[in-house]
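Open the model in your viewer and get ready to select residues. This tour moves from one stop to the next.

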Amino acid sequence: MRAAVITLSDSGYAGQREDKSGPLIQRLLGQAGYQVVHTAILPDGRQPLADELRRLCDEGLADLILTTGGTGFSSTDQTPEATMNVVERPVPGIPEAMRWYSLRITPRAMLSRAAAGIRGSTLIVNLPGSPKAAEECLSAILPTLAHGLEVLTGPAQSCARSGMDQTEGKRSP
């Protein structure tokens, strides 16, 4: 699977702060077998990110786009808004799972406004900007993302587990 990583940071974009989350996410993706085909550092704000997400999705350049940063309460934190402006189908379970996992570590996880959704055949997921939080959240969802991406891009036909009766939710004999 092909992945893109986009960091949202005014100071990182201006070269005043080192991006630590983006390279960490790239490393984790590589370890999980993803090919990172694109990286970028963009300033905070809605329009630059929305434009980049549309381009990557519409040109079919990545199966998965992970953003890092811009999910907090600051007035410049516009990543979820940019994401939701671009997606065609929201996937609320992914950020819900990240928040659930992170709440076991810190009560501040409830302050995350991360979003996720699908545009075309690309999944977009917002991760926190903190390297520690980004790693925790990505570790929580990465094992399941592979199957979702297989369904989205075509190799898998459904999300049903083998040996499960879909109508009753019980193991079949």
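**Stop one: H5 and H6**

Select Ile94, Ala97, Met98, Tyr101 and Ser102 in H5; they meet Glu136, Cys137, Ala140, Ile141 and Leu145 in H6. Contact here means heavy atoms within 4.5 Å. The helices (H or I, at least four residues) and strands (E, at least two) are DSSP runs, numbered from the N terminus. Colour this contact by class: 8 residues are nonpolar, 1 is polar and 1 is charged. Nonpolar covers Ala, Val, Leu, Ile, Met, Phe, Trp, Tyr, Cys and Pro; charged covers Asp, Glu, Lys and Arg; the others, Gly among them, are polar.

This is a predicted model: local features need pLDDT of at least 70, side-chain atom pairs count only at pLDDT 80 or more, and totals for chains, interfaces and linings use all residues. Residues are numbered from 1 along each chain as its sequence is written, and side-chain values use heavy atoms, with hydrogens and water left out.

Now look at the axes. H5 and H6 pack at an angle of about 135°, with axes 9 Å apart. Axes are lines fitted to C-alpha atoms, for helices over the stretch in contact, and angles run from 0 to 180 degrees between N-to-C directions. H5 is therefore oblique to H6. Angles under 35 degrees count as roughly parallel, over 145 as roughly antiparallel, 65 to 115 as roughly perpendicular, and the rest as oblique.

**Stop two: H2 and H6**

Which residues meet here? Ser21, Leu24, Ile25, Leu28 and Leu29 in H2 meet Pro131, Ala134, Glu135, Leu138 and Leu142 in H6. By class, this contact has 8 nonpolar, 1 polar and 1 charged residues.

**Stop three: H3 and H4**

Select helix H3 (residues 46–58) and helix H4 (residues 79–86). They pack at an angle of about 40°, with axes 8 Å apart. That makes H3 oblique to H4. Show Arg46, Leu49, Ala50, Leu53 and Arg54 in H3; they meet Thr79, Glu81, Ala82, Thr83, Asn85 and Val86 in H4. This contact divides into 5 nonpolar, 3 polar and 3 charged residues.

**Last stop: the largest pocket**

Select Thr71, Pro128, Gly129, Ser130 and Ala133, which lie nearest the centre of the largest pocket among its 34 lining residues. Strand S1 (2–8), helix H5 (93–103) and helix H6 (131–153) each give two or more residues to the lining. By class, the lining has 10 nonpolar, 15 polar and 9 charged residues.

On a 1 Å grid over the protein atoms alone, a pocket is an open set of points where a 1.4 Å probe fits, with protein on both sides within 12 Å along at least five of seven lines; lining residues have an atom within 4 Å of a point.
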